[in-house]
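Good morning, and thank you for coming.

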Amino acid sequence: MMSNKIAVVTNAADGIGLAISKKLMDRGIQVVAAGDNKDALGEVSHDYKLFDGQYVDATNEAAVKNFVEYVVDSYGQINYSFQIAADSQFGLIVKRRLADWNYMINLVLSGVFSFVKYVGRQMKRQQSGQIVNISSLAAHVQSYDPKDYSAIKSAISLFTKSAALELEEDNIQVNTIIPGIVRKKSVVKTSTGRPLAEQKRLSVKRPADPEEIAGPAIFLTSDEASYINGTTLVVDGGWEITGYPDVKV
């Protein structure tokens, strides 16, 4: 069944972004995807009629602005916008380059800012919309290495609250999902050489499938979530209550 709804999804060619995109398309929603992997975007666009993949450098504000203008010019509106977390980079503070710190801030935090800024402007004109930022458990539970990633993801939760407060009068909801570790093609291992999912102190003892994060994210854009705004929803299988595994490298 076709819908007249339009969704923006970043990093949509794999992982959580692709899982969200598939669930949206199953509902007949047109997905306009932003990402930096042209080949992967092209493959998904070829496979799915409702997937329009566009190369966008999220660190470039002008590129994000142009992308949002493209979506509006091509489809007339933006009903939903999902900003998906970028991968973390591991490194000790005393060995970390300032350039690496600034890069992660620009990619993760400034990228979310730019999308919310320009998507928010369009949703204000529409007087409606739902925005969901995908953060990380690193925002709540400190681990050994990715200090910049933890700091940035914590900032996204507070930024979400600020955006929700600013946009609520225009009938726009802004929320955040905090996933735990999500299953990927490559297995992340701890300093012991064991996969994260095998850490005994983790309650579920396995990473999430991307679809297990996509469902709650889409729920936040549904009618059932109409009274939820400015919140951070942890979807981690209970990992937050057991502590984060040691990921020294």
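Let us begin with strand β5, residues 129-134, which is mostly covered: six of its six residues are buried. Strands here are DSSP runs of E with at least two residues, helices are runs of H or I with at least four, and both are numbered from the N terminus. Buried stands for under 20% relative accessible area, exposed for over 50%, and partly exposed for the range in between, with a 1.4 Å probe and protein chains only.

Before I continue, a word on the source: this is a predicted model, in which local features need pLDDT of at least 70 and side-chain atom pairs count only at pLDDT 80 or more, whereas totals for chains, interfaces and linings use all residues. Residues are numbered from 1 along each chain as its sequence is written, and side-chain values use heavy atoms, with hydrogens and water left out.

Which residues of β5 point which way? G129, I131 and N133 point to one side, Q130, V132 and I134 point to the other, and all of them are buried. In a regular strand the side chains alternate between the two faces of the sheet.

Now to the neighbours of β5. Strand β4, residues 80-83, pairs with β5 in the parallel sense over four bridges; two strands are said to pair if DSSP finds at least two bridges between them. Within this pairing, S81 stands opposite I131 in β5. β5 also pairs with β6 in the parallel sense, over six bridges, and the bridge partner of V132 in β6 is N175.

These strands belong to an open sheet of seven, in the order β3-β2-β1-β4-β5-β6-β7, with parallel pairing. Its edge strands are β3 (51-55) and β7 (232-235), each of which pairs on one side only. On average, neighbouring strands of the sheet are turned by 20° against each other, direction ignored; the axes are lines fitted to C-alpha atoms, for helices over the stretch in contact, and angles run from 0 to 180 degrees between N-to-C directions.

I turn next to helices α3 and α4. The structure holds two aromatic pairs. One of them joins F67 and F115 edge-to-face, at 6.0 Å centre to centre and with 65° between the planes. F67 lies in helix α3 (residues 61-75) and F115 in helix α4, so this pair ties together parts that are 48 residues apart in sequence. The rule pairs rings of Phe, Tyr and Trp (its six-membered ring) whose centres lie within 6.5 Å; planes under 30 degrees apart count as stacked, over 60 as edge-to-face, and the rest as tilted. Both F67 and F115 are buried.

K117, within helix α4 (residues 98-126), is partly exposed at 26% relative accessibility, and E61 is partly exposed at 32%.

A further salt bridge joins E69 and K65, at 2.6 Å from N to O. Both residues lie in helix α3, four residues apart, about one turn of the helix. E69 is partly exposed, with a relative accessible area of 36%, and K65 is partly exposed at 32%.

D209 is partly exposed at 28%, and R183 is partly exposed at 39%.

Technical notes
Salt bridge = Lys/Arg side-chain N within 4 Å of Asp/Glu carboxyl O.
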